[in-house]
Amino acid sequence: MRAAIRAASRMPYVMNQEPDNMHDIVQDYYGRQLQQTADLKTSACCDIGQIPEWLKPLLARIHPEVLSRYYGCGLVCPPLLEGCRVLDLGCGSGRDVYALAQLVGPTGRVVGVDMTGEQLAVAEKYRALHTDTFGFDNVSFLRGYIESLDELDLEPGSFDVIVSNCVVNLSPDKDAVLKGVYQLLKPGGEFYFSDVYADRRVPDTVRNDPVLYGECLGGALYWNDFQRLAQRQGFVDPRLVTDRPLTITDPDLQPRVGNLRFYSATYRLFKLDRLETACEDYGQAVIYRGSIPNHVDRFVLDKHHDIETGRVFSVCGNTWQMLHDTRFAAHFDFVGDFSRHFGLFEGCGGGLPFDKSSAADAGASCC
Ligand SMILES: C[S@@+](CC[C@H](N)C(=O)[O-])C[C@H]1O[C@@H](n2cnc3c(N)ncnc32)[C@H](O)[C@@H]1O
């Protein structure tokens, strides 16, 4: 099996779909096959959305070996993290953990979980060095499966934010992952994560190809099935933050996916038990105070809510709760309440949520 995977970019073969076997294949891929970001065969790791200026100095303080084994597909640094407890699912060599450690600061904590020993070894190797560089020690790494978070001795309801970067698609039991996330989040907490999605259900020929699986394509969910899964696990109103189409850069892999289209997307899922399944209009509005560090001019809740500082911004009942019943509340003024209903909020979703083209399609090189 292992030898076959090494030669695998040319020869597709069918793999056994048992969860343990999928874990083995993924651990082999990230522990032994890949040595650095450039070994990936898609544009998944390119942050075409660009790293914001405020994040660059934080990444510059992270050891180059950690950075060289970054296999994420997006940015998982939501605003307002100071003092937060953050969990990173599938933290790999720890790039995001060490970036988040600086954002939560000495009063916060970041825990990284991964199942692959080789990845965690790199993360651990530089823990003391980062403690010295940052001036505080607020990071820990745990070895385990993201489908079994309850086995890691983490306190239920104890995390403000859970992040994950290009990992959930690799899980053979995504329901278990989201169930565990829901249990570990505090009320009002959020799962803010980047992952790969498909524009249709992925056929078995693609799912059972170990390289396509390892490359985060074979296990990708059809986006609408992801929405259903999130809702089933209590995240009633998933919010898309950013998305971009992925390019398969390896000419041997491209023909194997046929007409399937893949997207990297960042979603935020709030743990709020009174969210409604549709955006309902109660005539409410919010005004952003411009008071969140690094977000002085605007606050972007998601792709459809770019809230300019000082402007009265109409919101549905769900958006109201995402701002009023979370760590963001002190940074907004709120207009209205839930006493009067005006029907469905206009422009409330439907259809493929992703943009079909981006700079990536124009042949931008990356990684
Ligand atoms: C694509 S890499 C992303 C790593 C890291 N998030 C980053 O941005 O560099 C996927 C990582 O998820 C881990 N992983 C995949 N499935 C997992 C599972 N079921 N439980 C725990 N870790 C998992 C792999 O070991 C690997 O380190």
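Author: Two strands pair if DSSP finds at least two bridges between them. The model discussed here is a predicted one.

Reader: In E12, which residue is the bridge partner of glutamine 284?

Author: Glutamine 284 belongs to strand E9, which covers residues 284-288. E9 pairs with strand E12, residues 312-315, in the antiparallel sense and over four bridges. Within E12, the bridge partner of glutamine 284 is valine 315.

Reader: How many residues lie between E10 and E11 in their hairpin?

Author: Strand E10 (residues 298-302) and strand E11 (residues 305-308) pair in the antiparallel sense over four bridges. One of the residues in this pairing is phenylalanine 299, whose bridge partner in E11 is isoleucine 307. The hairpin that E10 and E11 form has, between the strands, two residues.

Reader: Why are the buried residues of helix H6 on the same side of H6?

Author: In helix H6, which spans residues 117-125, the buried residues are Gln119, Leu120 and Ala123. They lie on the same side of H6 because the arc they cover around the axis is only 90°. On the other side of H6 there are two exposed residues, Gly117 and Ala121.

Reader: Is tyrosine 197 buried or exposed?

Author: Tyrosine 197 has its place in strand E5, residues 185-198, and, leaving aside residues up to four places away in sequence, it touches Ala220, Leu221, Trp223, Phe226, Tyr263 and Ala265. The C-alpha atoms of tyrosine 197 and tyrosine 222 are separated by 5.7 Å, although these residues are 25 residues apart along the chain. A residue is buried if 20 or more other C-beta atoms lie within 10 Å of its own. Tyrosine 197 has 26 other C-beta atoms within 10 Å, so it counts as buried.

Reader: What is the phi of cysteine 166?

Author: Most residues other than glycine have a negative phi. Cysteine 166 is placed in the loop between strand E4 (159-165) and helix H8 (174-184), and it is buried, with 24 other C-beta atoms within 10 Å. Although cysteine 166 is not a glycine, its phi is positive, at about 70°.

Reader: What is the phi of leucine 80?

Author: Leucine 80 lies in the loop between helix H4 (64-68) and strand E1 (85-89). With 20 C-beta neighbours inside 10 Å, leucine 80 counts as buried. In this residue, which is other than glycine, phi has a positive value, near 60°.

Reader: Which helix supplies the largest share of the shell around the ligand?

Author: Of the 25 residues around the ligand, those that come nearest are Gly72, Gly90, Gly92, Met115 and Thr116. By class, this shell has 12 nonpolar, nine polar and four charged residues. Helix H2 (19-33) and helix H5 (95-104) each supply at least two of its residues. The largest share, four residues, comes from H2.

Reader: What pLDDT does the protein chain average?

Author: Over residues 1-14 the pLDDT is below 50, and over residues 359-367 it stays under 50. In the chain, 90% of the residues score at least 70, and the average pLDDT is 90.

Definitions and conventions: Residues numbered from 1 in each chain as written. Predicted model: local features only at pLDDT ≥ 70, side-chain atom pairs only at ≥ 80, totals over all residues. Near = placed C-beta within 6 Å. Nonpolar A, V, L, I, M, F, W, Y, C, P; charged D, E, K, R; others polar. pLDDT = per-residue confidence, 0-100. Contact = placed C-beta atoms within 7 Å. Buried ≥ 20, exposed ≤ 12 C-beta atoms within 10 Å, placed from the backbone. Arc of directions from axis to C-beta.
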